[in-house]
Amino acid sequence: MKHFFSRFTRNYAYLSLFVFIVTLYTSHFTLHAQPTFARGADVSWCTEMEADGKKFYDAGGNETELMSLLRQMGMNTVRLRVWVNPENDYGAWSDKHDVLEKARRAHQQGLDIMLNFHYSDLFADPGRQNKPAAWQGLSGQALCQAVADHTTDILQALYDEGIEPRYVQVGNETRNGMIWDDGKLWKSSTNNGYDDYVPLSNAGYDAAKAIFPNTLVLIHIDRGREDNTWFYRDLQDHGAKFDMIGLSHYPSSSAWQTDNQQIATNISKLYQTFHLPVMIVETGMPIWDDATTATAVSAMTDLFNRVENLQGCNGILYWEPEVYNWWKPAAYTRWGWNGYNMGAFLWNGRPGPALDPFRQEVEPDAIRSVEREACQVEDEASKTYNLAGQQIPDGRAGLVIHQGKKMLRK
């Protein structure tokens with residue numbers, strides 16, 4: 001009996017240590033629960049708007065930090081675009097410093113984060129996938145390495161602050177490929193371009209997974225209501241890696257019901273074909289008066305009704321809803337571009353009714369609980385332990401657990 005209790009005590013100690021290590025490892029990036037339906041927005045313009053004097057207010061007219069306001073509304077996800085070097089043309093927005101600032105704010109509110117790598121110095125879309133100025137002259141493996149290095153640089157900066165994005169998007173609306181002309185699709189009648197595009201996309205995928213193995217990496221295209229199974233099948237046939245499918249969906253003002261039904265049908269077909277989650281990562285409607293507001297409310301409500309409980313659909317994100325009062329970036333004025341007309345905030349800086357379908361009731365106590373949990377996790381992530389579970393000074397030699405990683409210090 002004496003030996004039995006001795007073995008029991010020793011085994012219990014080992015089990016306790018194992019549980020402690022597993023708990024510590026999983027706590028470093030904790031604000032992530034099991035996947036839920038993402039209801040949120042791309043708010044990449046928010047810091048630029050704030051620098052331009054724009055403020056945001058809750059329903060009661062109280063000035064409120066935007067990420068906090070989104071959380072209070074019940075949104076759970078934000079999407080942030082990443083440009084390589086926009087300073088020389090657009091301005092210093094959506095670069096590394098700006099992305100980190102917004103990611104910190106979102107993380108503090110317990111919001112999930114999707115990083116959207118454009119691999120360009122400006123907007124990338126089906127009609128424009130311009131190679132970054134710093135990458136001119138690079139091709140083949142050197143260009144793939146540039147993609148990997150840029151992806152690693154941004155994600156390592158997040159990792160160092162204990163922020164894990166739930167999603168990483170490699171390229172934006174890449175139906176026609178990315179980083180032209182190197183990664184362009186449909187180059188000629190004899191070259192469809194997949195052999196050039198896929199290695200670039202995979203370079204982003206591999207870099208993301210090297211830092212955040214559990215992050216879902218997605219490939220995103222436009223025209224989400226069309227049957228796009230052929231595109232993702234072609235990608236798979238050419239060795240592309242992706243964990244998720246992202247779609248843009250901008251229903252028309254006159255046929256939104258048909259458009260919404262079509263994307264619901266397409267989401268089901270994509271999921272049944274590839275058994276991967278599908279998300280509407282961009283949506284929006286033109287809003288400028290009472291009539292268009294009513295149309296947007298009906299269309300967004302209908303969209304949620306069709307896909308929120310649809311098997312395989314993981315969420316809906318509105319693109320830049322925080323825009324109001326015809327605000328537009330300074331670069332748009334310089335270039336003679338029109339402003340964005342799908343902003344869903346009211347003239348007074350408050351969330352408008354078109355965002356009501358994105359709302360989910362959140363109790364104030366639940367918000368405070370998330371904030372307390374975030375503080376506790378950040379405190380815990382800064383501590384270092386030995387294998388007996390004892391906290392030790394950082395820099396101690398030997399095998400230690402630091403921020404969820406085993407490290408051998410010599």
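**Entry 1. The whole chain**

I began with the contacts in this predicted model: residues 24 or more positions apart account for 73% of those with a separation of 6 or more. I took contact to mean heavy atoms within 4.5 Å. I used a predicted model, in which local features need pLDDT of at least 70 and side-chain atom pairs count only at pLDDT 80 or more, while totals for chains, interfaces and linings use all residues. I numbered residues from 1 along each chain as its sequence is written, and side-chain values use heavy atoms, with hydrogens and water left out.

I then looked up the secondary structure and found 11 helices and 14 strands. Helices (H or I, at least four residues) and strands (E, at least two) are DSSP runs, numbered from the N terminus.

I looked up burial next. Of the 410 residues, 53% count as buried. Buried means under 20% relative accessible area, exposed means over 50%, and partly exposed lies in between (1.4 Å probe, protein chains only). I noted an accessible surface of about 18,500 Å² for the protein, 50% of it belonging to carbon and sulfur atoms. The areas come from the Shrake-Rupley method with a 1.4 Å probe, and for residues only the protein chains shown count as cover.

**Entry 2**

I looked at how helix 4 (residues 96-108) sits against helix 5 (residues 140-160). Two packed helices are described by the angle between their axes and the distance between the axes. For this pair I have an angle of about 35 degrees and axes 11 Å apart. The axes are lines fitted to C-alpha atoms, for helices over the stretch in contact, and angles run from 0 to 180 degrees between N-to-C directions.

I recorded the crossing of helix 4 and helix 5 as right-handed. A crossing is right-handed if the near helix is turned clockwise from the far one by less than a right angle, and left-handed if anticlockwise. Helix 4 brings K96, L100 and A103 to the contact, and helix 5 brings D153, I154, A157 and L158. By class I have 5 nonpolar, no polar and 2 charged residues there. Ala, Val, Leu, Ile, Met, Phe, Trp, Tyr, Cys and Pro count as nonpolar, Asp, Glu, Lys and Arg as charged, and the others, Gly among them, as polar.

I checked the length of helix 5. Its 21 residues should span 30 Å at 1.5 Å a residue, and the end C-alpha atoms are 30 Å apart, so the two agree. The expected span is 1.5 Å times one less than the number of residues. I listed its buried residues, among them I154, A157 and L158. After helix 5 comes G162, with a positive phi near 75 degrees.

I ran the length check on helix 6 (residues 194-211) as well. Its 18 residues reach 26 Å from first C-alpha to last, close to the 26 Å expected. Helix 6 is mostly covered, with 13 of its 18 residues buried.

I found V278 in strand 9 (residues 278-283). V278 counts as buried because its relative accessible area is 0%. I noted I245 at 4.7 Å, C-alpha to C-alpha, though 33 residues away in sequence. Not counting residues up to four places away, V278 touches I245, L247, I267, L270, Y271, G312, C313, N314 and G315.

I placed F242 in the loop between helix 7 (229-237) and strand 8 (244-249). F242 has 8% relative accessibility and so counts as buried. Its C-alpha lies 5.3 Å from that of L218, 24 residues apart along the chain. Beyond neighbours within four places, F242 has contacts that include Y205, V217, I219 and L276.

I placed T174 in the loop between strand 4 (167-170) and strand 5 (177-178). T174 is buried at 0% relative accessibility. Among its contacts outside four places in sequence I listed Q129, Y197, I219 and F231.

**Entry 2. Backbone exceptions**

Most residues other than glycine have a negative phi, and most peptide bonds are trans. I looked for departures from this.

Y119 is not a glycine, yet its phi is positive, about 50 degrees. I found Y119 in the loop between strand 3 (112-117) and helix 5; Y119 is buried at 1% relative accessibility.

W326 also has a positive phi, near 60 degrees. I placed W326 in the loop between strand 10 (313-319) and helix 10 (330-335); W326 is exposed, with a relative accessible area of 61%.

I found a cis peptide bond from W180 to D181, with omega near 0 degrees. D181 is in the loop between strand 5 and strand 6 (183-184).
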